[in-house]
Amino acid sequence: MKKFKNVFAEVISRVLDPVWEIPVGIIMAIGFAVTEGLRWRFLGVLLFIDAVVPFIFFLIMLKHKQIVNWDMQRRTERIPIYVFTLLCHLVGLWLTLELGKIELASVLGVFYVIGLAFGLITLRWKISLHAGVNAVLFTAINVFYGWQYIWLYGLLALVMWARVHQKHHTGEQVIAGAVLGGGMVGVGLGLVL
């Protein structure tokens, strides 16, 4: 049974991983923007800046052993990737504003503020990015689609369990990530939509 729990926790951590989910969140914002009449070419550039470039940076850090493993278990390993990703998101946000896409910029701005909050907390404390990103994604989906997918929070509970089971985080770290991420995106999107 213990081996099953270990394998199950690993599968949950990999499938519901911020590395995949951050681009999904950006794609959701882009999907929202398509309904506002934005061109796919611009949205492809935005996705490249906000998701592909930070992922390449992450892989380079991993290859050069600047981070020990995929999970970046040491808080200090997370800081360079957070800073780089926030800079990339800032470029995407600026580009969106320059093109006058205010609604998309507002949604991306909410995501940026959340990323900034998690980055600042990480300077002092290891908050759970897995719990935070899942809470952001599931809350954003529910805000965009009228709370039809409340069951997704069951997956959030599994992620929180997995991260604690694997000893990547404490209960306080996953709860803080989930509450901060879900709360900020719920309030933020409520204000801008």
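This is a predicted model: local features need pLDDT of at least 70, side-chain atom pairs count only at pLDDT 80 or more; totals for chains, interfaces and linings use all residues.
Residues are numbered from 1 along each chain as its sequence is written, and side-chain values use heavy atoms, with hydrogens and water left out.

So what is the chain built from? Eight helices and zero strands. Helices here are DSSP runs (H or I, at least four residues; strands would be E, at least two), numbered from the N terminus. The radius of gyration is 16 Å, close to the 16 Å from the globule rule for 193 residues, so the chain is as compact as a globular protein of that length. That radius is taken over C-alpha atoms, and the rule is 2.2 Å times the number of residues to the power 0.38.

Inside, buried residues make up 45% of the 193. Buried means under 20% relative accessible area, exposed over 50%, and partly exposed in between (1.4 Å probe, protein chains only).

Now the largest pocket, with a volume of about 850 Å³. A pocket, on a 1 Å grid over the protein atoms alone, is an open set of points where a 1.4 Å probe fits, with protein on both sides within 12 Å along at least five of seven lines; lining residues have an atom within 4 Å of a point. Points are joined across faces, edges and corners, and the volume is the space filled by probe spheres set on them. Of its 40 lining residues, the closest to the centre are P18, I22, T85, H89 and V133.

Let's pick out H89. Where does H89 lie? In helix α4. H89 is buried, at 16% relative accessible area. Leaving aside neighbours within four places in sequence, H89 is in contact (heavy atoms within 4.5 Å) with I22, I26, D50 and Y112.

Last stop, the loop between α3 and α4, which holds K65 and M72. K65 has a positive phi of about 60° although it is not a glycine, and M72, not a glycine either, has a positive phi of about 45°. Buried or exposed? K65 counts as exposed at 70% relative accessibility, while M72 counts as buried at 9%.
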